[in-house]
Amino acid sequence: LYIPIDFECVLFSPEHSDALGGAVGSSMRLRAECKVLASRLQLPLDLDPEADEVVQALEQPGDDGGQLWRRHAVASFVCLCFYRACEASIRTGAAIVFG
């Protein structure tokens, strides 16, 4: 679970507790981590995770076209999805829930 409140560390619920899914993180911090990862992957964050070039990179992992993000297509796809979720969370005040 990620919420649109800026705090540093992921908070973990007590052992044997299912409250909040076990952990709560900050949408702002996750977005910042996505930006760092995207920079290292040379991944344009304005790229749509559903775009043909992303889908092609996922389907043809050996064909990186000289682009680092294509070589790491799964990580790039996940990064784009998380980034979009964080943007929506921060814009709307909604939580990101993984289920």
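Colleague: In this predicted model, does Ser 76 count as buried or exposed?

Modeller: The relative accessibility of Ser 76 is 1%. Buried means under 20%, so at 1% Ser 76 counts as buried.

Colleague: In which helix is Ser 76 found, and which residues does Ser 76 touch, not counting residues up to four places away in sequence?

Modeller: Ser 76 is found in helix 4. When residues up to four places away in sequence are not counted, Ser 76 touches Leu 41, Leu 43 and Trp 69.

Colleague: With which residues is Trp 69 in contact, leaving aside neighbours within four places in sequence?

Modeller: Ser 76 is one of the contacts of Trp 69.

Colleague: Which element gives the most residues to the largest nonpolar core?

Modeller: The largest nonpolar core has 17 residues, and Trp 69 is among those with the most contacts inside it, together with Leu 43, Leu 47, Val 54 and Leu 80. Two or more residues come from each of helix 1, helix 2 (52-59) and helix 4. With five residues, the element that gives the most to this core is helix 4.

Colleague: What is the order of the strands in the open sheet?

Modeller: The open sheet has three strands, and their pairing is mixed. Strand 1 and strand 2 (11-12) each pair on one side only, which makes them the edge strands. The order is 1-3-2.

Colleague: Which residue is the bridge partner of Phe 12 in strand 3?

Modeller: Strand 2 and strand 3 (residues 23-26) run antiparallel and are joined by two bridges. The bridge partner of Phe 12 in strand 3 is Ala 23.

Colleague: Which strands does helix 1 touch where it packs on the sheet?

Modeller: Helix 1 covers residues 27-41, and its direction makes about 65° with that of strand 3. Where helix 1 packs on the sheet, the strands touched are strand 1 and strand 3.

Colleague: How many residues apart in sequence are the parts that the pair of Tyr 2 and Phe 98 ties together?

Modeller: The structure holds two aromatic pairs. In the pair of Tyr 2 and Phe 98, the ring centres are 5.9 Å apart and the planes stand at 85°, so the pair is edge-to-face. Tyr 2 lies in strand 1 (residues 2-3) and Phe 98 in the segment after helix 4 (73-92), so the parts tied together are apart in sequence by 96 residues.

Colleague: Which residues form the aromatic cluster?

Modeller: Phe 98 has 44% relative accessibility and therefore counts as partly exposed. This residue belongs to one aromatic cluster, formed by Tyr 2, Phe 82 and Phe 98.

Terms used
Residues are numbered from 1 along each chain as its sequence is written. This is a predicted model: local features need pLDDT of at least 70, side-chain atom pairs count only at pLDDT 80 or more; totals for chains, interfaces and linings use all residues. Side-chain values use heavy atoms; hydrogens and water are left out. Rings of Phe, Tyr and Trp (its six-membered ring) pair if their centres lie within 6.5 Å; planes under 30 degrees apart count as stacked, over 60 as edge-to-face and the rest as tilted. Helices (H or I, at least four residues) and strands (E, at least two) are DSSP runs, numbered from the N terminus. Buried means under 20% relative accessible area, exposed over 50%, partly exposed in between (1.4 Å probe, protein chains only). Two strands pair if DSSP finds at least two bridges between them. Contact means heavy atoms within 4.5 Å. Axes are lines fitted to C-alpha atoms, for helices over the stretch in contact, and angles run from 0 to 180 degrees between N-to-C directions. A nonpolar core is a set of buried Ala, Val, Leu, Ile, Met, Phe, Trp, Tyr and Cys residues joined through side-chain atoms within 4.5 Å.
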